[in-house]
Amino acid sequence: MNDIEKNKRREFVSELMNKYVPDRTSLLPILQDFQEKFGYIDEYSQQLIAFELDIHPVEVNSVISFYAFLYDKPVGRNIVRICKNIVCEFNGSKEISDAVIKEFKINPGETTPDGKLTFEHVNCFGLCDKSPSMMVNGEIFENINKESALKIIKELK
Amino acid sequence: MKKELRSPVSQRPFNAENINKTGIGAEVSIELNGKKLRVPLGRSILDICRDNNIHIPTLCYHEDLCIAGNCRMCLVEVEGMKNLQTACSYPVTSPVKIKTFSNKVRKARKHIVDLMLSEHYGECYSCVRNNNCELQRLAREYGIDSYEFGHVCEPRFEVDDSSHAVVRDMDKCILCRRCVRTCIDLQEVGVLEAVNRGYDTKISTFMDTPLNDVICINCGQCINRCPTAALHANDPSDQIWKAIEDPSKHVILQTAPSPRASIGEEFGLPPGNSMTGQLNTAARMIGFDRVFDTNFSADLTIMEEGTELLGRLKKAIVDKDKSVMLPQFTSCSPGWVKFIEHFYPEKLDYLSTAKSPQQMFGAVLKTFYAEESGIDPADIVTVALMPCAAKKFECNRPEMNSSGFKDVDYGLTTREMAKMIREAGLVLPELPKSSFDDPFGEASGAGLIFGSTGGVMEAALRTVYELVTGRPVPFKDLNIEACRGMKGIKEASVKLENCIEEFSFLEGTDLKFIVAHGTANAKVVMDMLIKGELEGYHFVEIMACPGGCIGGGGQPIPTSESIRKLRAKAIYEEDGASAVRKSHENPKIKYIYEKYFTDGPCGKISHKLLHTKYTKRGKFIN
Ligand code: SF4
Ligand code: SF4
Ligand code: SF4
Ligand code: FES
Ligand code: FES
């Protein structure tokens, strides 16, 4: 990462330290805000945040790895998440996932080379009654099937 | 004086001190396996059971660490509770009835061991922890004779042996997180954490970086607390055997004070039995050509470090030189040196430039000794028996070659030495005693007590006080009790009175010092330094490991506060019985300054061979 990018991140982190109590209990909202702005939480910024909060970088890393919605690597412009948990799977989510994998030539957890799309499996949105369910950039789609899912994804910019 | 630790209350080490505080004075009546008892309110079921000699199996629990309650090995029945409860994390607050053995308990515990084994890749007979492994012991205790839930047959992880000190073999990890708690809470370094979730959970460094490239200080404390072989030391014994077998090599062993106080534990003796004489015999039988006493170079360290301190004091007081940094910090603990290089790089000028005893010895052996004995230094192999994992890193520092060669070739831990002794077919406690070889066989008791926290300070004071006043330190039997004991941070002072002429500028000075052990305590001291609270202090001793070297990362496993105390006791007893108790009175030290370091301590020659410089490392990982 070059110095200009680093400076941007440093400035934003110090803004966040004013916005929240600079204490370990503020870690999650800080990470969320940071990701909102920069898309993912890079190595450098993980360490910055850790030192500001007087915790260890590896603890920040641990928190990010625990939460499926936090990233430590760049992701695509659009994030598609399909539930792979049991109710959705009974209702055909695997077929839908397989179709996405085939159509866009990416495995779960990967991003397309053009940076347009990141595809992920997740565990239960809590929408089992309307399964199979899918989340696209934070928006929920219920009772999807192969065709509707592919159509939604293809329309993404 | 100890400031709040960074960790929240729930994560503070659960040590004897605060156990008593958890009982708020009241008592409660309980029934334990049908027996009526009165116990302090808030005491955990595990502690109550241990008070009453009832065995409870544990894995994630460790005396030195906070409670985690994640392994579930310590399950017991508590009447009225639907599920079994973990004894380690259940504080008794009401008159409960507890059963520590029942079919339900037995089956649950057996299942837990079985589940752990199902993901455990490794063969006990080719494992460094064979016969000293808590998982293996539990497998035996619960009569595991088949794998009820299957067993992994392929390794899932690559072994990380990038570090000179610690090897990580995550296939043997049972995720108890003792290493995490050690590195974060006990040492305040923060190298290891659990990442991911569920089946994918593993212990990782920051972004899975090899251990050699992160901020690990190589203290090895995580090794000492790991119940399995998932963390173990990088063992050089194969290379050492090879050197021994090579007739053209002159292989020298120097032995530090702490291993002799603890190595007996590796052979089944209780802690606190000193094995100095037997260890010398064993080393010779193994094939080392010479066995020298690191205490000799500890004495040398005191001469250098003590003189450096007096030099700094003179510059500060007489010359009013503002560039002189006080207090002077000791530099003999390589874990601590790397800690300050990473976390306080801008404070490196406070560190004494004196090398550690191990490195001083290496430099002396490949110069002075080589010359005197007519051996080509290229043929000398120096091995250092140390209680320490960080010494392995230290001897591999690129700057440690002032003799023109690698000053110390290998750092060997107490555990690895025991392994070599066993491999040679010897039983240490049965061997006859013998003494060290000349010319470095004589050492003072002052060098010996380096092994315990406060020892360097005590040894330095014995010498500095006498240099300055011409009289021995004014303490009974030369024992400076203020330096001793296991308190995290100790402080005291000695008044310098009736100084000899050369040091008249110190007349009436209260020599103030601080002793800290464990890098979590070092952090507290450093933060005080930054806030300017160490104004007026002169000398600070820091040891990276809790308890000092006797609790080092290369020492026999297990370790706990009570074991560390017993080892320290053995060292202080030996010091008390030594003929020479002050470094400057060691005749071999006088000799070496007369013959070799002719311009005295901190002179030109000694600066070249016995002093070093440090690297500003910083804490960012790229
Ligand atoms: S870690 Fe323990 S259980 Fe695993 S192979 Fe080694 S001795 Fe056996
Ligand atoms: S050796 Fe010390 S610093 Fe390194 S990971 Fe282990 S406990 Fe942490
Ligand atoms: S590496 Fe050792 S101490 Fe750390 S979690 Fe694994 S088994 Fe426990
Ligand atoms: S199983 Fe898919 S939303 Fe619950
Ligand atoms: S020892 Fe109690 S849960 Fe691990």
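This is a predicted model: local features need pLDDT of at least 70, side-chain atom pairs count only at pLDDT 80 or more; totals for chains, interfaces and linings use all residues.
I started at A:Asn137, which sits in the loop between β4 and β5 of chain A. Its phi is near 45°, a positive value in a residue other than glycine. Helices and strands here are DSSP runs (H or I, at least four residues, for helices; E, at least two, for strands), numbered from the N terminus.

Residues are numbered from 1 along each chain as its sequence is written, chains are lettered from A and ligands numbered from 1 in the order in which they are written, and side-chain values use heavy atoms, with hydrogens and water left out.

**Chain A**

I counted seven helices and five strands in chain A. Along the sequence they follow α-α-α-α-β-α-α-β-β-β-β-α. I put a box around the C-alpha atoms of chain A along the principal axes and got roughly 45 × 30 × 25 Å.

Next I asked in what order the five strands of the open sheet lie. The order is β2-β3-β1-β4-β5 (chain A), with mixed pairing. At the edges are β2 (110–111) and β5 (139–141) of chain A, each pairing on one side only. Two strands count as paired if DSSP finds at least two bridges between them.

The peptide bond from A:Ser131 to A:Pro132 is cis, with omega near -5°.

B:Leu75 stands opposite B:Thr86 in β4(B). β3(B) and β4(B) make a hairpin with six residues between them, and B:Gly80 in the turn has a positive phi of about 95°.

β3(B) also pairs with β5 (residues 97–99) of chain B, again over two bridges and in the antiparallel sense. There I found B:Glu77 opposite B:Lys99 in β5(B).

I also noted a cis peptide bond between B:Ile557 and B:Pro558, with omega about 10°. B:Pro558 lies in the loop between β17 (539–543) and α18 (561–576) of chain B.

**Where A meets B**

I took contact as heavy atoms within 4.5 Å. The contact has 21 residues from chain A and 23 residues from chain B. Buried area is the accessible area (1.4 Å probe) that two parts lose on being put together, summed over both. For chain A and chain B that is about 1900 Å², of which carbon and sulfur atoms give 58%. Which residues of chain A lose the most area to chain B? They are A:Phe51, A:His56 and A:Val58, together 30% of what that side buries.

I found one salt bridge between chain A and chain B, taking the term as a side-chain nitrogen of Lys or Arg within 4 Å of a carboxyl oxygen of Asp or Glu. The side chains of A:Asp54 and B:Lys523 meet in a salt bridge at 3.2 Å, N to O.

Cavities and pockets came from a 1 Å grid over the protein atoms alone: a cavity is a set of points where a 1.4 Å probe fits but cannot get out, a pocket is an open set with protein on both sides within 12 Å along at least five of seven lines, and lining residues have an atom within 4 Å of a point. Points are joined across faces, edges and corners, and a volume is the space filled by probe spheres set on them.

The second largest pocket has a volume of about 890 Å³. Of its 27 lining residues, the closest to its centre are A:Ser65, A:Tyr67, A:Ala68, A:Glu120 and B:Arg197. β3(A) gives the most to this lining, with four residues.

By this rule I got six cavities of 30 Å³ or more. The largest cavity holds about 280 Å³. Its lining has 26 residues, and the closest to its centre are B:Cys332, B:Pro387, B:Lys391, B:Met543 and B:Cys549. α10(B) gives the most to the lining of the largest cavity, with three residues.
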